[in-house]
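Please consult the sequence and structure shown here while reading.

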Amino acid sequence: MGKGSKKNKGSRAGDQLDSSDTDSISSSSTVMSDFAPVSATEQVTSNDFVLDKLIDALYEKRGSTRENALVGLVDAFESFVLLPFIENKCATLSQLFINSIKKGSAKETILASRAIGLLSLTIGGGSSSHEIMEESLPELCRILAGSDQSKMPAVLDCLALVTFVGANDLDETKVALKAIWEVIHPKSGSNVGTVKKYRPPVVAAAITAWSFLLTTISTWRRNPENWKEHIMHLSTLLEADDRAVRMAAGEAIALFFELKLLDVRLAEESTAEKDPKYQLFIYMQGMKAKVTAQIDTLAGEAGGKGADKKNLNDQRELFQKIWDYIKDGWSPEETVKISSKLGILRVSSWMELIQLNFLRRFLGRGFLKHAQGNSLLHEIFNFGVDKTENLSNIAKKIYRSEEEKERALRLNKDRKIAQAKKQSILIEQV
């Protein structure tokens, strides 16, 4: 819900561009050097000409020229909150990015998918983001149904993000959830006779994207019957050979427990063994016990000789947190310093942590820029640019709170002493 920074795919793509493209457009580093320095939360409005050049290059027939333009645009979207620039260009940009997905190489598709996600994240909720979702979803799902798995992690991220931002209701979200689940569990798809085998990085990306979207489901649609297949398959993925897959499945299961998707409420009369609801209750109780035991094992996995030690400590830490939540109700907590003024963002649930980790990984080095100036992130995490608490203010609040507590204790002690003295005087008078 990844921790830590990662190099963005656009920067790597820019290093591979053909030298003949320099006549059409500069490399991403040269293009971005044309931008005047601005503060982290300032909107970019004085560099429209550079951005317009990048957009014009997306109309070019040469694929490498479009790739180079996408590298520059992705870099700009990460580096700045471009809301003023894109407000009147959103439909055009969306269509150009979708065209790149339709006719571009794998590299262009990956860049365009990232660009669409950043566009949706920048424009925020509303009719524009809903239109982006509606127009991009068919192409994104087409790629997931295809055979080129190199594109799929970027496409999965994009599909999850445009749906997260643009969907108006659960029915629209379910379309994306279903498409992603068919990557996680191909046997549940329409082509059961030709089951695909997805590589572990694709499966891990799919589980992460699916969990991110699952955080948006409303309480009144949490019917345990709908989640039997999902919890069963996630349980099998806890035993996958790939550690990233196991960890992604663990986070999804933690979210299941937090959203109470496995809880079945029984009426007093629903105790007969043949009662479907009673059978569902028994099944879910069994699955809870099974995954809890699996989580306990993964939290204490040994790193002995011959064991794969890559990310072993991360796995132990994650599954220990999940175990603590399931057994003792301890919610995960994390804080992120947001600004130079030491503003911090706090999360204290699996839902919030999954959202934070997904957005932080997707935005990469641009996360802090967007956390400072993107109103959508303020809405998601319930904080604002001017309302973010800073550490000095928190320290002052804690100090004042402790000071007030001590003062209250002193007053209470003084009050008791005064009452005791009063009672003593009354006794003496008697």
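## Surface and overall composition

The chain exposes about 22,200 Å², and 50% of that area is supplied by carbon and sulfur atoms. The model under discussion is predicted. Of the 430 residues in the chain, 48% are buried. The secondary structure comprises 19 helices and 2 strands.

## Packing of α10 against α11

Two packed helices are described by the angle between their axes and the distance between the axes. For helix α10 (residues 170–184) and α11, the axes come within 9 Å and cross at roughly 155°. Because angles over 145 degrees count as roughly antiparallel, α10 and α11 are roughly antiparallel to each other. Their crossing is left-handed.

On the α10 side, the contact is made by Thr173, Ala176, Leu177, Ile180, Trp181, Val183 and Ile184. The residues that α11 contributes to this contact are Val202, Ala206, Ile207, Ala209, Trp210, Leu213 and Leu214. Sorted by class, the contact of α10 with α11 has 13 nonpolar residues, 1 polar residue and no charged residues.

## Packing of α11 against α16

Helix α11 (residues 200–214) also packs with helix α16 (residues 350–363), at an angle of about 125° and with the axes 9 Å apart. The two helices, α11 and α16, are therefore oblique to each other. The crossing of α11 and α16 is left-handed.

From α11, Thr208, Ala209, Ser211 and Phe212 take part in this contact. The contact of α11 with α16 has 5 nonpolar, 3 polar and 1 charged residues.

Ser94 is located in helix α6, which spans residues 90–103. Is this residue buried or exposed? With a relative accessibility of 2%, Ser94 counts as buried, because the cut-off for a buried residue is under 20%.

Which residues does Ser94 contact, leaving aside its neighbours within four places in sequence? With those neighbours left aside, Ser94 is in contact with Leu119, Ile132 and Glu135.

Note on methods: Residues are numbered from 1 along each chain as its sequence is written. This is a predicted model: local features need pLDDT of at least 70, side-chain atom pairs count only at pLDDT 80 or more; totals for chains, interfaces and linings use all residues. Side-chain values use heavy atoms; hydrogens and water are left out. Helices (H or I, at least four residues) and strands (E, at least two) are DSSP runs, numbered from the N terminus. Buried means under 20% relative accessible area, exposed over 50%, partly exposed in between (1.4 Å probe, protein chains only). Contact means heavy atoms within 4.5 Å. Axes are lines fitted to C-alpha atoms, for helices over the stretch in contact, and angles run from 0 to 180 degrees between N-to-C directions. Angles under 35 degrees count as roughly parallel, over 145 as roughly antiparallel, 65 to 115 as roughly perpendicular and the rest as oblique. A crossing is left-handed if the near helix is turned anticlockwise from the far one by less than a right angle, and right-handed if clockwise. Ala, Val, Leu, Ile, Met, Phe, Trp, Tyr, Cys and Pro count as nonpolar, Asp, Glu, Lys and Arg as charged, and the others, Gly among them, as polar. Accessible areas come from the Shrake-Rupley method with a 1.4 Å probe; for residues, only the protein chains shown count as cover.
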